[in-house]
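Subject: Structure for you to look at, with notes

Dear colleague,

Please find the structure below, together with the notes I promised on what turned up in it. I would be glad if you could read them with the model open beside you.

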Amino acid sequence: MASAPKRFKAAVESDAQEKRSADPLSGFLAWCGQAGVELSPKVRLSREGAVAGYGMLAAEELEAGEVLFTIPRTALLSQHTTSIHALLQEAQESLQSQSGWVPLLLALLHEYTASNSHWQPYFSLWQDFRSLDHPMFWPQEERTRLLQGTGIPEAVDKDLANIDLEYNSIILPFMETHPDIFDPKLHTLELYKELVAFVMAYSFQEPLEEEEEDEKGPNPPMMVPVADILNHVANHNANLEYSPQCLRMVTTQPVGKGQEIFNTYGQMANWQLLHMYGFAEPYPGNTHDTADIQMVTLRRAALQRAKSEAQQQLVSEQWDFLCQLEMVGEEGAFVLGWDEVLTEEELSVTLKVLCMSEEEFKEYKEQDGWEDDSEDEENSTLSNEALSRLKTPCKKLLYDSVLLTLESYGADLKAEQDLLNNKEAYEKLSRREQQALHVRYGQKRILHQLLELVQ
């Protein structure tokens, strides 16, 4: 194989901290050179100076629009590039699943454990996946205690049930038909779970072209070496661009020498970041943070307000009608951002219907939920300003729903704020306690902001 280009040797030599025994980073960079990855001499990969694990740092000043690296599609690890791709293609019908991740996970199970795998230098950066600390790996008691009310424990329970189902109903039968490649004693459920977390945290999904969006489902995930080393913040300074032959990481704003270069994983709330990636952004860094009000909480608040059996019956009928309109569901949530409600139509219609008198509701039902109401059209965006102008009954219902939501957390906002403001006490918290605190605090701030708007 060709020797690694000078730019890769320079990137390794510039980072003396990484020169420890059998340094996985220098081996990975040499592999990158052989795989055709072009890394700009203006950046370096390092643990030193990164917010978490490995990161990419600017070795020189960078302008907006500079290409940081180019990776050919042949260097991506996917169901199409793995050494067992023909096997996966042949069995594609039997490998379909709810997640759509099974082919990639089978590829990872094989490549991660095959000593002669082309991707071994890549995997050496994550030798045992112990750095992955998703809530799915926390003991259930700790997960419940730290994350109660955030929505994460429920999401993890679903994940674990799906992982178990996929492994036992799809992965195991496939492995048993290919004993020359797979061994259930080596390719265990525990390893499968770790690889699911690896895909959650480090994979990329290529966006669909606009004309494809209605015709096909999302593209399957793939592993993108080098790109997955970049950490995430909401206010990122680089972005991954896709072209038919290669992928490029490009700066979106100037970056100072020595500063870390951040990609974006998308507009992710803190609970999504912790659930999928194992970390959260400290307040007020995450401008995309959200808080949820469970849809059934609004029903509960409306039922509590109903003073008679007839009024309770009316609320039940209104809820059933909202279900028929597909505005609400037993497991749905209204999503609140810092500046507006992200599920504006659902919340707007639900508040209006649950605050109707019997006569108003009867007339509304006769029109199948349609109204020629230009005023409502103008107010369809539930910005903070629009929330403060809601009619009094709607405000009251929303206020009560927020109070019920806040009750689902273990501690109140002031206790969390005091902890964040006390540096000594905060630093004594475990990493898990700190991450959970950032999730809870951001959600409660959004909920308290809403209380002030509608009181």
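A nonpolar core is here a set of buried Ala, Val, Leu, Ile, Met, Phe, Trp, Tyr and Cys residues joined through side-chain atoms within 4.5 Å, where buried means under 20% relative accessible area, exposed over 50% and partly exposed in between, with a 1.4 Å probe and protein chains only. Please keep in mind that this is a predicted model, in which local features need pLDDT of at least 70 and side-chain atom pairs count only at pLDDT 80 or more, while totals for chains, interfaces and linings use all residues. Residues are numbered from 1 along each chain as its sequence is written, and side-chain values use heavy atoms, with hydrogens and water left out.

The largest nonpolar core has 90 residues, and those with the most contacts inside it are Phe 28, Met 56, Phe 69, Phe 198 and Ile 261. Apart from it lies another core, of 40 residues, which includes Ala 291, Met 327, Leu 347 and Tyr 364.

Leu 347 is also one of the buried residues of helix H12 (residues 344–354); helices (H or I, at least four residues) and strands (E, at least two) are DSSP runs, numbered from the N terminus. The buried residues of H12 pack against helix H10 (295–305), helix H11 (309–324), strand S12 (333–336), helix H13 (358–366) and H16, contact meaning heavy atoms within 4.5 Å.

Within helix H16 is Leu 397, which counts as buried at 0% relative accessibility. Leaving out residues up to four places away in sequence, Leu 397 touches Leu 298, Ala 301, Ala 302, Arg 305, Leu 351, Leu 354 and Cys 355.

How do H16 and H19 lie relative to each other? The axes of H16 (residues 392–407) and H19 (residues 431–454) come within 9 Å and cross at roughly 155°, the axes being lines fitted to C-alpha atoms over the stretch in contact, with angles from 0 to 180 degrees between N-to-C directions. The two helices are therefore roughly antiparallel, given that angles under 35 degrees count as roughly parallel, over 145 as roughly antiparallel, 65 to 115 as roughly perpendicular and the rest as oblique. Among the residues making this contact are Leu 398 and Tyr 399 of H16, and Leu 447 and His 448 of H19.

Finally, Asn 384, in helix H15 (residues 384–388), is buried, with a relative accessible area of 19%.

With best wishes
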